[in-house]
Each structure stands twice: as structure tokens, then as C-alpha cells.
Amino acid sequence: MSYKFILTLEIMYITASKLYDYIQCPHRPWRDIWGPQEEKIQETNPFVEMLWEKGIKYEMEVIGKIGEYLDLSKGNIEDRYTQTIEAMKAETPLIYQGVLTVGNLRGIPDLLRLQPDGTYIPIDIKSGMGREGADEESGDEGKPKKHYAVQLALYSDCLLKLGFEHNRKGIIYDIDGNEVLYELDAPQGPRNKETFWELYEDIREKVILLLGNQIQNKPAYQGVCKLCPWYTSCKKWVMYSDDLTGMFYMGRSWRDTINQDLGVTKIEDILKLNVDDLMDQKEKDKSFLKNLGRSRLDSMVSRANVIKNLKKPIAYNKIEFPKVQYELFFDIEDDPTQEFVYLHGVYERSPQGERFLNFTAREITHEAEKQAWSDFWNYIKSLPENDYSVYYYSHHEKTTYKKLQKKYSDVITLEELENFFENPNVIDLYTDVVLKNTDWPLPSYSIKALAVYLGFEWRDKTPSGALSIQWFNDYIEKKDEQIMTRILEYNEDDCKATMVLKDGLEKL
Ligand code: SF4
């Protein structure tokens with residue numbers, strides 16, 4: 001068998017990572033095989049690499065304290081498969097990194113654990129929470145994560161087909177050391193009666209067809225693209241094709257609905273839509289343009305007009321800001337993988353001039369995080385009451401501060417925090433101004449997209465919040481002050497960009 005043929009067989013296997021990729025972006029499995037390979041970015045994104053490393057480190061930690069197990073993590077894949085089958089036949093209690101291959105399915109669960117009835121249950125170790133949306137306060141346990149469920153379903157499917165399981169179940173060993181049982185025959189939620197198993201079967205079949213080039217789907221310009229090696233390639237396609245996802249707020253599913261129901265595939269054709277006629281048609285046929293109401297359709301037509309005709313930003317209402325002595329442009333940096341806020345940055349503009357202030361945790365400890373937050377509030381309290389305004393971009397700051405308040409309730413009371421964000425001089429530029437009052441000839445309304453449009457340049461050539469997290473983790477390990485300077489400069493530039501945007505909005 002030639003090397004190339006073996007390679008082709010390997011990439012045609014349905015694996016847990018291909019199912020994960022499909023959930024992230026249904027176009028990815030196809031593009032990985034059939035896309036223009038010369039356009040794929042070869043270097044791994046440093047943030048993605050950091051997540052992998054963290055995942056592996058955690059897995060090693062867990063494995064180190066799990067007791068006796070059969071290690072099948074090394075060697076060639078065919079041998080590992082044979083050894084896995086033999087080990088399961090011999091009722092080995094715990095198998096690490098066994099290989100399950102059946103037809104075109106291949107699963108490598110972190111652990112296979114023997115059950116009292118002689119069957120096996122697959123276990124995956126994850127450096128994240130076992131469920132999503134859990135809330136300690138309300139006692140809500142949260143719900144299973146779709147991508148975890150689908151990966152466990154693949155392992156379970158292999159075990160069923162190999163005759164080593166008769167239940168559709170799996171376990172996630174999560175970051176808190178909890179074993180979270182996934183009942184794969186359970187519905188996905190109270191409103192979604194489709195079971196996780198049915199979801200898995202549906203995704204598995206689509207991935208098989210995509211890998212075989214029997215079906216194709218289109219790229220879409222979306223948030224998840226930024227960490228994908230196909231980012232530049234797909235963005236180029238979106239722009240060249242004048243695809244609808246090149247318009248802000250147009251996700252893949254609305255794009256597909258419009259493509260299918262109206263045959264409209266280009267932004268320029270959105271301009272020709274008559275929203276009144278479409279609404280009449282919707283009245284007669286409820287399945288027509290599902291989830292797209294009048295206001296969404298109107299916004300699409302306005303945005304298409306800004307992109308194709310006006311070619312410059314537009315304000316639909318007069319935008320006014322508070323006239324005060326102190327203007328603060330504020331941005332935080334946090335690492336969601338360990339729920340840690342390491343930097344509160346403020347660019348201050350006052351009659352005395354401009355300056356950047358940072359309140360930074362230089363260690364990953366509760367004390368350091370609390371001290372930085374406390375210093376930030378002391379600074380805010382030192383400002384002349386009613387003579388300052390604060391600008392930030394998106395609800396992230398507010399949401400994160402609510403969590404910090406719960407964690408360190410002796411720094412500031414909930415009432416004080418709520419009063420701060422309810423103050424009309426404390427303004428979320430994205431939610432309260434950009435979204436409600438403006439449109440831009442851009443596919444994204446992120447602070448980076450808008451500030452760059454207004455002529456602002458970050459000192460760092462590859463600025464991103466994800467990279468800042470990677471730099472911070474690097475700093476913690478090496479304590480290299482040059483890395484800290486890079487983090488601070490990036491945050492300062494984010495704050496300045498908010499200032500540039502505020503001034504730009506005022507001029508609109
Ligand atoms: S860049 Fe975006 S559309 Fe393209 S494969 Fe990646 S996630 Fe999908």
C-alpha cells in the first residue's frame with residue numbers, strides 16, 4: 001500500500017476531533033481535505049497551542065493520580081487497536097488511550113473503564129467544566145456540552161459495534177475532578193427533544209459525506225474563524241463571492257435561509273429586496289424565512305446599503321456624550337480558562353493631559369487578583385464625583401465584574417457595583433451606541449475593526465485578546481518583564497482604540 005493511500009485512509013476516518021470541528025464550523029471537515037491546501041496557515045495559533053498544552057498537562061495530572069492502568073498510548077495505531085481488543089477481552093480494569101476502530105469510525109478515549117457487568121464505559125479528561133451554564137447560587141447544575149456529548153457518542157458507538165457496551169453512556173472527568181455522566185439517549189434540553197445520540201448520528205453522517213466530497217457547504221465569516229487555520233482563505237472567499245456573511249450580524253444559519261428561500265447569495269442583491277412583500281409572503285407561509293422578522297430584514301437592507309452605496313459609516317440618531325473633566329477608556333484582560341482577571345486598564349483623558357493606568361495581578365493567586373481589583377476601585381473612588389465618564393466596549397467588563405464581586409464581596413458591594421454600571425456616564429459603546437445607532441461598511445463591528453477603520457494602529461502587529469492570555473501565561477512561567485510590557489502595551493492600545501472610537505462616533 002502506498003504512503004499516500006494510507007494517508008488518505010487515515011484522514012477519511014471519523015474521529016472525535018472531526019466531529020468537534022464540525023460543531024465549531026460545519027464547513028471545516030470539508031475544507032481540511034478538499035480546500036486549497038496552499039492557503040491553509042501552517043503555524044498553529046499560539047493561543048490554540050496554549051489550550052492544547054493546558055489540556056495535556058491536566059490529563060497528565062489526572063493520569064498521575066488515577067492508580068493502576070494499562071498504558072496503550074504508544075506504538076502504531078493498528079497494534080494499539082489489537083492490544084485494546086485483547087485487553088477488553090481480558091477484562092482489564094482501566095485502559096489509557098486505547099484505540100477503537102470500526103469501519104470508518106475511530107475513537108481514542110482517554111480511558112476505558114470496566115463495568116461490573118463486563119462492559120466498558122469511555123471517559124474523556126477535559127480541562128474545562130463538565131457541563132455548561134451551571135450556577136452554584138441557584139443550584140442549577142447546567143446542561144451537558146454538545147461537543148463533549150458527540151465525542152463520547154463516537155466512543156460509545158465504537159464500543160457498541162465491537163460488542164463491549166450495551167448502554168449509550170460516557171463520562172467526562174472535568175477540571176474540578178468531577179466525573180460527569182453523559183446519558184446519550186437523553187434529549188438535549190427541555191425544548192429540544194432531539195437526543196444527543198440522534199445529534200451524533202446526524203453529524204456523523206454529514207461528516208462522512210463531507211469527507212467523501214459527496215456534499216459541500218460554504219465558508220462563513222464568523223467569530224470562530226479567528227482561531228482557525230483557514231481564516232485568511234475563507235475570508236478571501238467571503239469577500240470575493242460577496243457572500244452575505246460579509247455583512248455584520250449575518251450568521252451562517254440566516255445566510256443559508258436566505259440563500260435557500262430567496263436564492264439571494266450576494267450582498268448587492270440584498271439591496272433589491274422588498275421587505276413589505278417578504279412580510280406578506282411570511283404571513284402566508286410560516287416556514288418562509290424562518291427566524292427572520294421585519295426588523296432583521298430591514299437592518300440587513302440598511303447594512304447592505306452602507307456597504308455597497310454609502311461606503312462610509314452612518315449614524316441613524318444624533319450621538320451625544322457627557323461633558324465631564326475626566327474621561328476614562330477602560331478595558332480588562334482575563335483568562336477564561338482559569339477564570340482569572342489579570343489586568344484592569346484605563347486610559348485617562350483630563351485637562352491635565354492623557355495617561356495610562358494599569359492595575360495588574362502578576363501572580364495567579366486570589367490575593368493578587370483581589371489587590372488589582374481593589375486598586376482599580378480605589379482609583380475610581382479618587383475621581384471627582386459626577387465629573388467623570390467611563391467608556392468600555394461590550395458587556396464583558398460588566399459580566400466579569402459581577403463575578404469578581406461575588407468572589408471578593410468585601411472590595412465593593414453589589415449595590416455599589418450596580419450603581420456604577422447604571423450611572424448614565426458609564427457607557428458600553430458597543431451595546432448602547434454602535435449597535436443601536438450606527439452602521440459601518442465592515443463585516444465585523446469589533447473594537448479592532450472599527451478603530452482600524454478610523455485610522456488607529458496597534459503597536460503589536462498581531463493584537464488579540466486570545467494572544468494576551470497566552471502572553472500572560474508565558475509571563476507567569478518565565479517572569480520576563482518584556483512579556484509584561486507587551487501585555488500592557490496591548491491593553492493600553494485597546495483602551496486608546498476605545499477613545500478613538502468614542503471621538504469618531506461623536507463626529508458621525
Ligand atoms: S475559517 Fe471559518 S469558515 Fe473557514 S473553515 Fe475555519 S471556521 Fe470554517
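The following dialogue sets values computed from a predicted model against the definitions behind them.

Trainee: What makes a local feature count in this predicted model?

Mentor: Local features need pLDDT of at least 70, side-chain atom pairs count only at pLDDT 80 or more, and totals for chains, interfaces and linings use all residues. Residues are numbered from 1 along each chain as its sequence is written.

Trainee: Why is helix H6 called roughly perpendicular to helix H7?

Mentor: The axes of H6 (residues 146-162) and H7 (residues 196-211) cross at roughly 75 degrees and come within 9 Å. Axes are lines fitted to C-alpha atoms, for helices over the stretch in contact, and angles run from 0 to 180 degrees between N-to-C directions. Angles under 35 degrees count as roughly parallel, over 145 as roughly antiparallel, 65 to 115 as roughly perpendicular and the rest as oblique. H6 is therefore roughly perpendicular to H7.

Trainee: Which residues make the contact of H6 with H7?

Mentor: H6 contributes Lys146, Ala149, Val150, Ala153 and Leu154, and H7 contributes Phe196, Trp197, Leu199, Tyr200 and Ile203. Contact requires C-beta atoms, placed from the backbone, to lie within 7 Å. By class, these residues are nine nonpolar, no polar and one charged. Here Ala, Val, Leu, Ile, Met, Phe, Trp, Tyr, Cys and Pro count as nonpolar, Asp, Glu, Lys and Arg as charged, and the others, Gly among them, as polar.

Trainee: What makes strands E1 and E10 edge strands?

Mentor: Six strands form an open sheet with mixed pairing, in the order E1-E2-E5-E6-E9-E10. Strands are DSSP runs of at least two residues (E) and helices of at least four (H or I), numbered from the N terminus; two strands pair if DSSP finds at least two bridges between them. E1 (70-71) and E10 (179-183) each have a single partner strand, so one side of each lacks a neighbour in the sheet.

Trainee: How do you know that E6 and E9 pair?

Mentor: Three bridges join E6 (residues 120-125) to E9 (residues 169-173), and the two strands run parallel. Ile125 stands opposite Tyr173 in E9.

Trainee: Which strands form the five-stranded sheet, and which are its edges?

Mentor: The order of this open, mixed sheet is E14-E13-E12-E15-E16. E14 (353-360) and E16 (426-428) are the edge strands, each pairing on one side only. The twist averages 20 degrees from one strand to the next. Within the sheet, nine bridges join E12 (residues 326-335) to E13 (residues 340-350), which run antiparallel, and Leu328 stands opposite Glu348 in E13. Helix H13 (residues 366-381) lies across E13 and E14, at about 20 degrees to E13.

Trainee: What makes up the shell around the ligand?

Mentor: Of 13 residues around the ligand, Cys25, Pro219, Cys225, Cys228 and Cys234 come nearest; a residue is near if its C-beta atom, placed from the backbone, lies within 6 Å. The shell has nine nonpolar, two polar and two charged residues. Helices H3 (28-34) and H8 (231-241) each supply at least two residues.

Technical notes. Two residues are in contact if their C-beta atoms, placed from the backbone, lie within 7 Å.
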